[in-house]
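Morning, everyone. I have one structure to walk through today.

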Amino acid sequence: MISRTMHSLAYDSVKMTYDEVHGEIIIPVAGPKVLVFSRESNGDAAPIRVLAGPDTQIRGSRRGHPLVGVDPVNNLLIVGSTGGEGGGRDSDGESARGRGSLLIFDRTASGNTKPKAVIQGPNTAFGGVGQIQTYPPKGWIIAGALGGGIGAWSIHDSGDAPPRWKIPVRQITGVAPSGVALDPVHKELIIASGARNVLLTFSWPEIFE
């Protein structure tokens with residue numbers, strides 16, 4: 001049964017996230033910008049916040065929109081800008097345009113707001129993946145790393161910070177991740193690969209302990 005329908009979301013390939021603590025739906029769209037709606041929104045509803053503008057440093061991905069994750073415990077919004085400048089291929093054969101940044105904002109940031117911190121640079125190895133996850137109890141940001149891997153950064157990182165841990169998924173399995181989820185109960189990372197129609201599970205106790 002459909003209880004509410006939001007007609008204002010005429011966007012393709014939307015990768016949204018939900019803040020269950022504050023009851024907010026966070027949607028990155030082409031522009032690029034990040035829209036935030038109340039879970040109670042209905043009909044042709046306006047967003048309660050819009051984060052966009054040159055000072056945000058938000059860029060789109062190859063799909064046209066950025067990526068987002070939320071840490072409702074530490075009150076942070078993480079935006080992944082993966083549409084970096086330049087071209088060509090890196091040593092792993094992955095497009096250099098995949099290089100980008102993790103932008104860390106206050107959760108309630110709106111308008112043309114500067115990020116609190118920017119994780120960016122050659123040592124970050126930040127790459128493209130379909131989702132960003134957070135693990136608030138330990139302050140981790142889980143996102144894609146170049147070469148088809150998954151990395152973990154701290155919410156306190158900034159600048160050219162390498163991932164604290166990295167799983168080279170493609171190197172191990174031959175499969176490039178397109179989505180990521182965490183299973184804290186079993187201390188595992190679950191990887192989806194849409195191109196291969198496969199789910200992979202890795203033990204990753206370091207990020208949960």
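Ground rules. This is a predicted model, where local features need pLDDT of at least 70, side-chain atom pairs count only at pLDDT 80 or more, and totals for chains, interfaces and linings use all residues. Numbering starts from 1 along each chain as its sequence is written, and side-chain values use heavy atoms, with hydrogens and water left out.

The sheet. It is open and has 4 strands, in the order E9-E10-E11-E12, with antiparallel pairing. Strands here are DSSP runs of at least two residues, numbered from the N terminus. Two strands pair if DSSP finds at least two bridges between them. E9 and E12 are the edge strands, and each pairs on one side only. From one strand to the next, the twist averages 25 degrees. How many bridges join E10 to E11? There are 6, and the two strands run antiparallel. E11 covers residues 149-154. Take Ile141 as an example: its bridge partner in E11 is Trp153.

Next, the aromatics. The structure holds 2 aromatic pairs. Rings of Phe, Tyr and Trp (its six-membered ring) pair if their centres lie within 6.5 Å; planes under 30 degrees apart count as stacked, over 60 as edge-to-face, the rest as tilted.

Tyr135 and Phe208 are edge-to-face, 4.9 Å centre to centre, with 80 degrees between the planes. Tyr135 sits in strand E9 (residues 133-135) and Phe208 in the segment after strand E15 (198-203), so this pair ties together parts 73 residues apart in sequence. Tyr135 is buried, at 13% relative accessible area. Phe208 is buried too, at 8%. The cut-offs: buried is under 20%, exposed over 50%, partly exposed in between, with a 1.4 Å probe and protein chains only.

Now Trp140 and Trp165. They are edge-to-face as well, 5.0 Å centre to centre, with 80 degrees between the planes. Trp140 lies in E10 (residues 140-145) and Trp165 in E12 (residues 165-167), so the pair ties together parts 25 residues apart in sequence. Buried or partly exposed: which is Trp165? Partly exposed, at 29%. Trp140 is buried, at 10%.

Last, Ser110. This residue lies in the loop between strand E7 (101-106) and strand E8 (117-120). Ser110 is partly exposed, at 36%. Leaving out residues up to four places away in sequence, Ser110 touches Arg49, Val50 and Leu51. Contact means heavy atoms within 4.5 Å. Ser110 and Val36 are 74 residues apart in sequence and 9.2 Å apart in space, C-alpha to C-alpha.

Terms used: Axes are lines fitted to C-alpha atoms, for helices over the stretch in contact, and angles run from 0 to 180 degrees between N-to-C directions.
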